[in-house]
Amino acid sequence: MPELPDITAYLTALQPRVVEQTLESVRIASPLLLRTAVPSIQRVDGKVVRSLRRIGKRIVFCFDEELFLVLHLMIAGRLHWRAVGAKLGGRNHLAAFDFPNGSLVLTEAGTKRRASLYLVQGESALVNLDPGGIEVFSISLDEFKKALTAENRTLKRALTDPRILSGIGNAYSDEILHAAQLSPITQTRKLTDDEWQRLFASTRETLQLWIDRFNCEAEQTFPEKVTAFRPEMAVHGRFNRPCPRCAAPIQRIRFADNETNYCPTCQTDGKVLADRSLSRLLGSDWPRTLDELEALKRK
Ligand SMILES: [Zn+2]
């Protein structure tokens, strides 16, 4: 699923292409995509995109009259910048947003249709689409600690809960925990002061590293290869490969259709966490699927 660094890269690439450009039309090929009926999607036809925003993992196109077009890519949704009037061919093509200088095409791999589009009017309607997680770059260590300990959670769950922190998912939480040298199953209320400092610093540094890396690419070309698996990653998607810090083989805990990766030497005092039994043990505190996690809304 595209996370904060990926969404930031899309915004960087979209800024010079669509801001202050007229959205001539929105073509929707998948009936499941648009989740709102009022205002009608035609309301934005011919309107100028005034600015872009990000809410969690959502991309927001802002128009006059407080109209906001909100796109959530979910796991497999991706954006592509194509020539004017790009054809929507094939079942993976969900929509096209036509501008005078090109078409922004939304695709979704696989058979499940999870990506979603909303058109809302008014800032308060926009707030309703916000799961409520805080932005890690605009908070202090104390605020970070308070948010993550509001409920006693495993670190993995707390970092990836969109109601707690904004924009972090399975991939970057693995990278953050490896950088902080903390176990994914440590409970947030058990962290020492020193560990809090490490976690906070690693969260910001890891995200910043990837944001800078992707922004650099996005300034050159439109991000066409957004993926949760990058060869430069330390642990995520690196099962059995050597840890870049200590060379021990990276381990995994599988759950439903996903897994978390960690280095036992660097993160769990050398312990390999029992895979299946751990998922069972954690029970309610383990996200069974990313969808389930994404579906959580602010209470
Ligand atoms: Zn290691």
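Predicted model: local features only at pLDDT ≥ 70, side-chain atom pairs only at ≥ 80, totals over all residues.

## Salt bridges

Glu20 is in the loop between α1 (4–18) and β1 (22–23), and Arg50 is in the loop between β3 (47–48) and β4 (51–55), so the pair ties together parts that are 30 residues apart in sequence. Glu20 counts as partly exposed at 49% relative accessibility, and Arg50 counts as partly exposed at 35%.

Arg43 forms a salt bridge with Glu65, with 3.1 Å between the closest N and O atoms. This pair links distant parts of the chain, 22 residues apart: Arg43 belongs to the loop between β2 (25–28) and β3, and Glu65 to the loop between β5 (58–63) and β6 (67–72). The relative accessibility is 31% for Arg43, which is therefore partly exposed; Glu65, at 47%, is also partly exposed.

The side chains of Lys156 and Asp174 meet in a salt bridge with an N to O distance of 2.7 Å. Lys156 lies in helix α4 (residues 155–160) and Asp174 in helix α5 (residues 170–180), so this contact ties together parts that are 18 residues apart in sequence. Both Lys156 and Asp174 are buried.

## Zinc site

The zinc ion is coordinated by the SG atoms of Cys243, Cys246, Cys263 and Cys266, at 2.2 to 2.3 Å. The 4 donor atoms subtend angles of 98 to 114°, and the arrangement is therefore tetrahedral. For reference, the ideal angle for four tetrahedral donors is 109.5 degrees.

Along the chain, the donors follow the spacing C-x2-C-x16-C-x2-C. Cys246 lies in the loop between α6 (193–220) and β11 (251–255), and Cys263 in the loop between β12 (258–262) and α7 (264–267), so the pair ties together parts that are 17 residues apart in sequence. Cys246 is partly exposed at 30% relative accessibility, whereas Cys263 is buried at 0%.

## Domain interface

The domain assignment gives domain 1 (4–127) and domain 2 (136–294), with 28 Å between their C-alpha centres. At their interface, 24 residues of domain 1 contact 22 residues of domain 2. The buried area is about 2000 Å², of which carbon and sulfur atoms give 59%. In domain 1, Leu4, Pro5 and Lys57 lose the most area to domain 2, together 29% of what that side buries.

The interface contains 1 salt bridge. Glu224 forms a salt bridge with Arg82, with 3.8 Å between the closest N and O atoms.

Note on methods. Residues numbered from 1 in each chain as written. Heavy atoms only, no water. Donors = N, O, S within 2.8 Å, 3.2 Å for Na, K, Ca; no water. Tetrahedral: all angles 85-135°; square planar, octahedral: opposite > 155°, others 65-115°. Helix = DSSP H or I, 4+ residues; strand = E, 2+ residues; numbered from the N terminus. Buried < 20%, exposed > 50% of the residue type's maximum accessible area, 1.4 Å probe, protein only. Domains from an automatic or database assignment. Contact = heavy atoms within 4.5 Å. Buried area = accessible area lost by both parts, 1.4 Å probe. Salt bridge = Lys/Arg side-chain N within 4 Å of Asp/Glu carboxyl O.
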